[in-house]
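Got a sequence and a 3D view ready to explore? Let's take a walk through them together, from the overall layout down to single residues.

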Amino acid sequence: MAEHVNIRAALDAELSAWADAGRTASLWWRDDDATEGSAPLTQLLDLARKFSVPLAVAIVPRLANATLLQTIAQAQNVTPIVHGYAHINHAPPAEKQAEFGAHRDSAIMRGELGGGLSILREMFGGNERATIRSISNINREFLHMEAAIANQEEPLDRFLKSLSLDKFF
């Protein structure tokens with residue numbers, strides 16, 4: 001039987017341990033796989049506004065629609081980010097799911113990411129911050145391609161490290 005954990009109590013305990021050690025945690029939230037406006041997304045936007053917490057909205061560009069734009073367009077402290085392209089698993093059957101894995105042609109992946117970035121730039125007027133992994137198992141070499149597509153000044157993996165997300169790659 002699965003053990004039930006009180007998430008709030010666990011978070012409070014962890015943050016207290018950080019405070020006792022003289023450290024401060026930097027937090028941000030991410031809505032994952034956003035494609036359209038929804039009540040849960042609106043609730044998350046309201047919470048981010050109420051508590052002045054930065055929110056990244058990870059958008060699947062090929063599936064995004066106008067209701068998503070309407071939902072987050074006027075939100076403060078929200079960063080729309082590219083989350084893959086179409087959320088299609090291209091991995092061979094015996095491998096873990098991956099939209100941008102080593103098994104795919106880099107020119108095709110580059111075209112999809114460039115197209116995804118163009119979609120978000122058109123939707124949000126160039127406000128997106130970065131391109132991050134989709135599904136799972138991104139080809140690590142592909143991170144540098146993403147950074148180049150997004151015109152980042154530094155490789156994307158350094159950007160992700162600054163957000164303490166590098167452990168996921």
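What follows is a short tour of this model, one topic at a time.

## Before we start

This is a predicted model, so local features are used only at a pLDDT of at least 70 and side-chain atom pairs only at pLDDT 80 or more, while totals for chains, interfaces and linings use all residues. Residues are numbered from 1 along each chain as its sequence is written, and side-chain values use heavy atoms, with hydrogens and water left out.

## The overall layout

The protein has six helices and four strands. Both kinds of element are DSSP runs numbered from the N terminus: helices are H or I runs of at least four residues, and strands are E runs of at least two.

How many of the residues are tucked away? Of the 169 residues, 34% count as buried. Buried means a relative accessible area under 20%, exposed means over 50%, and partly exposed is in between (1.4 Å probe, protein chains only).

## Strands side by side

Start with strand β1 (residues 29–34), which runs parallel to β2 and is joined to it by four bridges. Two strands count as paired if DSSP finds at least two bridges between them. Arg30, for example, has Ala56 in β2 as its bridge partner. To get from β1 to β2 the chain goes through α2, and this β-α-β crossover is right-handed. That label means that, with the strands pointing away from the viewer, the path from the first strand over the helix to the second runs clockwise.

On to the next pair: β2 (residues 55–59) and β3 also pair in the parallel sense, over five bridges. Here Leu55 sits opposite Val78 in β3. The chain passes from β2 through helix α3 (residues 66–72) to β3, in a β-α-β crossover that is right-handed. Strand β3 (residues 78–83) is largely enclosed by the rest of the structure, because five of its six residues are buried.

## The nonpolar core

Leu55 turns up again inside the protein. The largest nonpolar core has 21 residues, and Leu55, Val57, Ile59 and Ile72 are those with the most contacts inside it. A nonpolar core is a set of buried Ala, Val, Leu, Ile, Met, Phe, Trp, Tyr and Cys residues joined through side-chain atoms within 4.5 Å. The largest share, six residues, comes from α4. As a general rule, nonpolar side chains tend to be buried together in soluble globular proteins.

## Two salt bridges

The structure holds two salt bridges. A salt bridge here is a side-chain nitrogen of Lys or Arg within 4 Å of a carboxyl oxygen of Asp or Glu.

One of them links Arg49 and Asp46, at 3.4 Å from N to O. Both residues lie in helix α2 (residues 39–51), three residues apart, about one turn of the helix. Arg49 is exposed at 54% relative accessible area, and Asp46 is partly exposed at 37%. Glu112 and Arg104 form a salt bridge too, with their closest N and O atoms 2.9 Å apart.

## Loops worth a look

Ser52 is in the loop between α2 and β2. Its phi is near 50°, a positive value in a residue other than glycine. Ser52 is also exposed, with a relative accessible area of 58%.

Now find the loop between β3 and α4, where His87 is located. His87 isn't a glycine, yet it has a positive phi of about 55°. With a relative accessible area of 28%, His87 is partly exposed. Gly84 lies in the loop between β3 and α4 as well, but Gly84 is buried, with a relative accessible area of 0%. The C-alpha atoms of Gly84 and Phe100 are 7.7 Å apart, and the two residues are 16 residues apart along the chain.
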